[in-house]
Each structure stands twice: as C-alpha cells, then as structure tokens.
Amino acid sequence: LTMFGRPREEIVGNKPHDPRLSPALQADGVSTHDKALEKITAALEGNPQRFEWRHLKSDGTPFDSEVSLSRLETGGKALLLAICRDISERKRAEEALRASEEQYRSLITNIPSVTWTSDPEGKTTFVSPNVEAVYGYTPEEIYRGGADIWFGRIHPEDVDRVKSAYAALSESGVPFDMEYRIRRKTGDLIWLHDRATRTYDDQGITRADGVFSDITARKEAEAARAQAEHQYRHIFESAVDALAILTMEGRFVEVNPAMCDLHGFTREEHLSVTPAQFLVPEELPDFEESLEQARLGENFHREVLAQNKDGGPLDLEVRGTVFEYLGKPHVLVVIRDITERKQAEHRLRQVTEQLVEANAALEEKNAALRQILEHLERDKKAYRDEVCESVEKLLLPVVARLKESGGTLDRQDIDVLDTTLKAIVERDIDQFKSDLARLTPRELDICGLIKEGCSSKDIAARLNISSQTVHKHRQLIRRKLRLSNKAVNLAAYLRSR
C-alpha cells in the first residue's frame, strides 16, 4: 500500500493490468494485459516467474518494481504468491551508475534499500535519501545528529553487539552483517538488516560503506510462522489419537507420543522402520493400495489388524490425508485404537447368539408347558365328568332311598355310598404319572438320560444299544406320554415334570 500510495480498497480485487495501477504498455512496449496473462499462466502451470513491471502511484507517477510469481496450494485451491519489490531507486541508481565516479560504483551495485558512508571518526558522510522512509530522519538530520542519532536509538539488548561490530570494522576492517532493532523518529521499533565493509578512497583514506534494509515485515512473518509452528506442534504432540507423518513412499517422518504409546516403539525406532512392519501379513496389500491412493491425491479410511512391539494384536482405524510438509507432499495418518470396540462387538455377537439359543430353548419349554396344561385341562374335565356321573348314577339314588326310608339305609346302600366317595376322593388326577407308569424300565432309563440332555448317540453308547433302537424307544415314549405335537421337545417336557 505504501509502495502504490493507495488505500487497500483500490488494490484488492483489481487485476495487475488495471489502468489505474499500470500503464497500458510496459516499458518494453508490450501490452500490459498480454504480459500479465502470459506471466500468470506460466506461474499457474508451476513455472515460477520473475520480471520487471511498471506501476502507477495514486497521483499517476510511474514506478518500476521487480515481481516474483510462484504457485502455491492451500485448502485444495491453487493461488499465486506475488512478491513485489520497488526497484525505482535501483533503476535510478543504475542510471546514475553510468555517470558516477568509480568510488560509488561498488556501493550502488549493492543497494537493496538505504546506503550509507562514514569517515574514520564514525561520522556519517553520506546516506541515501530514502533513509527517511525507513528511519524517519532526513539525511540532513542524520548528518547533524552524529552517533547519538543512531546508537542512541538501538534497542538496549542489541546496542552492545552493534557497537562492537562497528568498532571491529573501524579498527580492524572486519566486515559485519547483522540484524538488530532500532526506534524510528516516531518511536516505532523496527528491524534492520545492516552490513558494511571498510574501503579506501583514491587518497588512501579509509571509510565504511554500508547498506541497511527494513526487514520488520519479514521478522514479523517469521515470528508468526514460528508461533503457528509451535501451536501446531503442541496440537500434534498432545493429540489423543496416534498421529504420524509419512513420505509418499511410506516411511515415517514424524510421530506423536500417542503413536509411540500405541505400538510401544520410541520415536527414533519409528523413524527407522516402515508402517508395514506393524501390520499382519494379510494387511500388506491394503497398505500398498492406501499409499497408491495417497499418491493420486486421494484420502483413505480403513480398519486394519496390526500388532504392537510385543506382537500383541491391535485393531486400528486408520485415516490418511495428503498435505504439504517441508515443501513436499506427505501423508498425515490419524490412527485410533478400536481394539476394545472390536472386542465389545465380538462379545455382543456372542451374547446375541446365546440369547437366540435361550429364546429357542424357552420356546421349547413353553410348548411343553402348553402341552402339560392341555393335559391337565383334559384330566380335570374328565374327572369332573366322572364325578358328576358317579353322583348322578350312584349317590343321588342312595340319597333318594335315604329320604324314602326316613333316614335309614340298608347295608348294600351304605357300601355303595362308601365305595363311590372313596373313588372320588382317592382318584389320581396326575395324568403324567399315570402315563409314566405305562413305560417299561428300559424306557424309563432312556427318559432319565434324555432329561440329563444326552443325545441319542450318547444314550446308545451308555446303554450298549443301537441308535436306531434309541430312536424307536423315543417314538414309543412320546406316544405313551401323548406328545402328539412334534413342536414339543421331549427333553424340555421331561425336565418340566
């Protein structure tokens, strides 16, 4: 903005060849539009460009700059990074160089910003006019101010180092090249890159020739980058998930502590092996396929079976994404241990299978219970019918004769009454016991083994009979116990009784 002398709104959103920012034709007579299109296209294709360009300040004054264009990608979007340096002073210096004396020739060829010259006593004898833009003081103020106007404004932490460098240059001719902080006339603290050498003029008198540049923007950018790197490093180191950075060939470049804890390897051990050494053999083809996806710029997501340093199994969820690291494409891998989840899923499947089996067994028991209840209901109904018939045919006639006789019964009626009542009271209504009594000793033995859960093969072996014989006994037992419903499990029915 300072270079163009314009507010930000007049620059952002416009094209390089906008007539307000550049003349219609460049100094070489080429169309501004054509030249801009040519350079931008080449840079976007991955060919960095460096060229000179003529711009216009807000008052229409032209100035020359050196422009560097390079492609960069962020967030999957291609952009152009343009670095524009005002070379107006250099252009004027080049013109002046051709007409200057030889004593200024070496000085002018090294001008990126402000140049200065001092005599053997350290007094500034020359400083380029643009010093005011950088330092805030005019050349005349610097000539009058002496050493205090310079050394008196250097940051206290840097002043001894700077004075020592100037003294070594003056006394021994030791050149210096250093960076330090100094306060401008306005009080703002800026960073300077200052370098100087000792030379001799035609009369053999020594002088110091130097050049300094304002590098505040670069220092602030470096500090911001260092802060960002520190923050990202902290996030990387403190992440709960295991993180690893791989080359496109599949070798470790960096791992976080969670990755070391997961596999049991130290960071140094990780950097000497490949991820393939953590995987079980059958996972290797999938690992190579994931790397191939990364080389194509694609992300990947897989569940893999790996092992730790001791050979213990690990179920892992692995996500990979391609990003730029140290100026080259790498793969950031996020790994989560899902061993417990997998074990829980396995236990859930086992419990589900057990529940299905238990439900089937319950269904069998329910069917047997329904069969038993049906038997009981039939037994009760038969008993009621039998009781009613006995009362009607035997007891009621006796009661009638008792009424007719005036309350006396003969011996025969008393015997009938006694026999009938005993039959009613003592009758066994447990049909199962009645049915069970119909079984032979061999069938009762088989029932006992069935109730224990033995298979037909086990029963045949224990009783020393054939499996076919056991099968026939099973059919007879079901028939005698009146289990006509094939859905009723014989073992469940016997255990329920």
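Buried here means under 20% relative accessible area, while exposed means over 50% and partly exposed lies in between (1.4 Å probe, protein chains only). This is a predicted model, in which local features need pLDDT of at least 70 and side-chain atom pairs count only at pLDDT 80 or more, whereas totals for chains, interfaces and linings use all residues. Residues are numbered from 1 along each chain as its sequence is written, and side-chain values use heavy atoms, with hydrogens and water left out.

Glutamate 443 sits in helix α15; helices (H or I, at least four residues) and strands (E, at least two) are DSSP runs, numbered from the N terminus. Not counting residues up to four places away in sequence, glutamate 443 touches His473, Leu476, Ile477 and Lys480, where contact means heavy atoms within 4.5 Å.

Now look at the whole helix. In α15, which spans residues 441-451, the buried residues are Glu443, Ile446, Cys447, Leu449 and Ile450. They lie on the same side of α15 because they cover an arc of only 165° around the axis, the arc being that of the directions from the helix axis to the C-beta atoms. An α-helix has 3.6 residues a turn, so residues three or four places apart point the same way. What covers these buried residues of α15 includes α16 (456-463), α17 (467-480) and α18 (490-496). After α15 comes glycine 453, whose phi is positive, near 95°.

How do the neighbouring helices meet? α15 and α16 pack at an angle of about 130°, with their axes 10 Å apart. Axes are lines fitted to C-alpha atoms, for helices over the stretch in contact, and angles run from 0 to 180 degrees between N-to-C directions. α15 and α16 are therefore oblique to each other; angles under 35 degrees count as roughly parallel, over 145 as roughly antiparallel, 65 to 115 as roughly perpendicular and the rest as oblique. On the α15 side, the contact is made by Arg442, Ile446, Leu449 and Ile450, and on the α16 side by Ile459, Arg462 and Leu463.
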